[in-house]
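Let's take a walk through this protein together, with an eye on its surface and on its charged side chains. Keep the 3D view open as you read.

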Amino acid sequence: MAGEGDLPRIAVIGAGIFARTQYIPRLREIAHLVVLKAIWSRSQESAEAAVELARDFVPDIECKWGDVGLEEIMGDRSIMGVAVVLAGQVQVELSLKMLKAGKHVIQEKPASGSTTEAEAALSIYNSFPKQFPYKPIWALAENYRFEPAFVESNKLMSDIGDMMNIQVIVEGSMNSSNPYFNSSWRRNFVGGFVLDMGVHFIAGLRMLVGSEVATVSSISRHVDTALPPPDNICSLFQLENGCAGVFVFAVNSRSPKILWRVDGTKGTVQIERGIDSGKHGYQVLFSHENGQCQKTFYPFCGVNEELKAFVHDILQASKDVDHKAEPRSSYVEGVRDVAVLEAMLESSTKQGALVQVKKL
């Protein structure tokens, strides 16, 4: 096992709910692979509170805050990469700042508030002069692409024959007991919770079917006034391979349910969120044409897996300038998720008119 001195060092930029409840616990689990050197927040108080949560596995972790703290992280040559876990409205700008300083970046989803913002950001990123031995990696943290349930279900697709139809049903649980319910940046984000939450479900769809969404026709509504508009969206979509499907999303429902189902000429694959033996994860059902149904449960581990992939990539990039980073983490993949929801929201402002999904 490598000693701590041999391990790559990263910093977490942000000390909000997701940084505290996901990044710190997941980095604790992979402390044998990477060292969390610092945590940054805008205020000293929130930075110190987050740092205390990581002190048990990184006793000498550094606490950074404000503009000075950011500059210190950018100037610290021992820090190879950063996780940008901030409000969706400011993540792209901060990611570009870190990339320009030569830091590898894993940015939390959503990739951006719009494809226009993302395209402008990618143009800036691609124009950076080659001042480092390697091009800094810009990864997008979309943990659904790393969940074994989607990885394994995609392999089953070749066994269901020709795709006939697809259903994506999301009945969410964004109510006052959800820690993100009062998140001001999410409430003020483009498309409210629909875009911030929805990118997960679109990522799952794209991962499962292995084909891009070409066109959408959608109706959105604002039903629950405790939520920002819209809080319901129903969309008919068509993939580039010709198969059609429905995407039905209620931000908050009395009976939460999340499933993806693909019906084929020789069988059906269904992924449904659930609990097994006290563990949260996904139940995968594979129905054969002979009538048999194969059930497999996969516990959640996407955040852990995507962080391990990022650590592997930044290590490889330091050894091989031509290293190709994990494609599931690419920033462009995250933008493609945004593009589908952007088209759905646009269609709903045009009374369900057919809208082409922007290609990236």
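Start at strand β9, which covers residues 232-239 and contains Leu 236. This is a predicted model, so treat what you see as a prediction. On the surface, Leu 236 teams up with Val 246 and Val 248 in a nonpolar patch.

Now for the charged side chains. Side chains of opposite charge can pair when their charged atoms come close. In this structure you'll find 21 salt bridges.

Take Asp 196 and Lys 109, whose side chains meet in a salt bridge with 2.8 Å from N to O. Asp 196 sits in helix α8 (residues 192-209), while Lys 109 is in the loop between β5 (104-108) and α5 (115-126). The two are 87 residues apart, so this pair links distant parts of the chain. Both Asp 196 and Lys 109 are buried.

Next, look at helix α6 (residues 148-156), where Lys 155 and Glu 152 are 3 residues apart, which means about one helical turn separates them. These two form a salt bridge as well, with their closest N and O atoms 3.2 Å apart. Glu 152 is partly exposed, because its relative accessibility is 29%. Some salt bridges share partners, too: Arg 145, Arg 206, Glu 212, Glu 333, Arg 336 and Asp 337 are joined into one network that way.

One last stop: Glu 52 and Arg 55, whose side chains form a salt bridge at 3.0 Å from N to O. With a relative accessible area of 30%, Arg 55 is partly exposed.

Methods:
Residues are numbered from 1 along each chain as its sequence is written. This is a predicted model: local features need pLDDT of at least 70, side-chain atom pairs count only at pLDDT 80 or more; totals for chains, interfaces and linings use all residues. Side-chain values use heavy atoms; hydrogens and water are left out. Patches are made of residues with over 30% relative accessible area and no salt bridge: like charges are joined within 9 Å, nonpolar side chains (Val, Leu, Ile, Met, Phe, Trp, Tyr) within 5 Å. Accessible areas come from the Shrake-Rupley method with a 1.4 Å probe; for residues, only the protein chains shown count as cover. A salt bridge is a side-chain nitrogen of Lys or Arg within 4 Å of a carboxyl oxygen of Asp or Glu. Helices (H or I, at least four residues) and strands (E, at least two) are DSSP runs, numbered from the N terminus. Buried means under 20% relative accessible area, exposed over 50%, partly exposed in between (1.4 Å probe, protein chains only).
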